[in-house]
Amino acid sequence: MSSEATRKPTLDVASGVSRNAILIRLEGELDVEALPVLREHLRRVWELPPKKFLILDLGEVSFCDSMGMNELVEVLHRCEARGTRLLLGGVQGVMARVLSITGLRHAFEVFAHLDDALRTVVAAPP
């Protein structure tokens with residue numbers, strides 16, 4: 001077996017919950033190997049009562065393949081079905097390029113800085 005086939009996912013996922021938002025921070029590579037880690041974390045999020053916002057902090061994502069992008073689209077669809085606004089924060093570098101190249105930049109609410117996404121949550125009416 002090649003080392004490629006046995007490598008461990010290189011994605012760390014952490015989250016927090018506030019009154020009207022869930023924040024999920026991703027760090028590392030968002031690729032096919034990392035999807036089980038992300039999906040398990042999201043499974044627990046989907047079990048919570050819906051919040052008005054779900055923020056994905058992508059500022060520390062160093063790589064994203066087509067499967068990672070497919071997962072982001074699935075998260076968007078799941079959020080829409082729940083009446084939750086999905087905000088992508090920290091979209092610079094790799095993620096900005098991937099969203100632009102794939103033509104998905106305008107499918108998401110994108111913020112170059114996480115703080116801008118957080119301000120959107122704070123400014124929203126209850």
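## Charged pairs and packing

Arg39 counts as partly exposed, at 43% relative accessibility, where partly exposed denotes the range between buried (under 20% relative accessible area) and exposed (over 50%), computed with a 1.4 Å probe on protein chains only. The model is predicted, so local features need pLDDT of at least 70 and side-chain atom pairs count only at pLDDT 80 or more, while totals for chains, interfaces and linings use all residues. Residues are numbered from 1 along each chain as its sequence is written, and side-chain values use heavy atoms, with hydrogens and water left out.

The side chain of Arg39 meets that of Glu71 in a salt bridge, that is, a side-chain nitrogen of Lys or Arg within 4 Å of a carboxyl oxygen of Asp or Glu. This pair links helix α2, which holds Arg39, to helix α3, which holds Glu71, across 32 residues of sequence; helices (H or I, at least four residues) and strands (E, at least two) are DSSP runs numbered from the N terminus.

| Pair | Closest N to O distance |
|---|---|
| Arg25 and Asp57 | 2.9 Å |
| Arg43 and Glu40 | 2.6 Å |

Arg25 lies in strand β2 and Asp57 in strand β3, so their bridge ties together parts that are 32 residues apart in sequence. Arg43 and Glu40, by contrast, are 3 residues apart in helix α2, a separation of about one helical turn, and salt bridges that share partners join Glu40, Arg43, Arg44 and Glu47 into one network.

Helix α3 spans residues 66–82 and reaches 24 Å from its first C-alpha to its last. Its buried residues include Gly68, Met69, Leu72 and Val73, and what covers the buried residues of α3 includes β2, α2, β3, β4 and α4. Just after this helix, Gly83 takes a positive phi of about 75°.

In the largest nonpolar core, which has 31 residues, Phe108 is among the members that touch the most others; such a core is a set of buried Ala, Val, Leu, Ile, Met, Phe, Trp, Tyr and Cys residues joined through side-chain atoms within 4.5 Å. Helix α3 gives the most to this core, with 6 residues. Leaving aside neighbours within four places in sequence, Phe108 is in contact with Leu72, Val73, Leu76, Leu86, Leu88 and Leu99, contact meaning heavy atoms within 4.5 Å.

Terms used:
Expected span 1.5 Å × (residues − 1).
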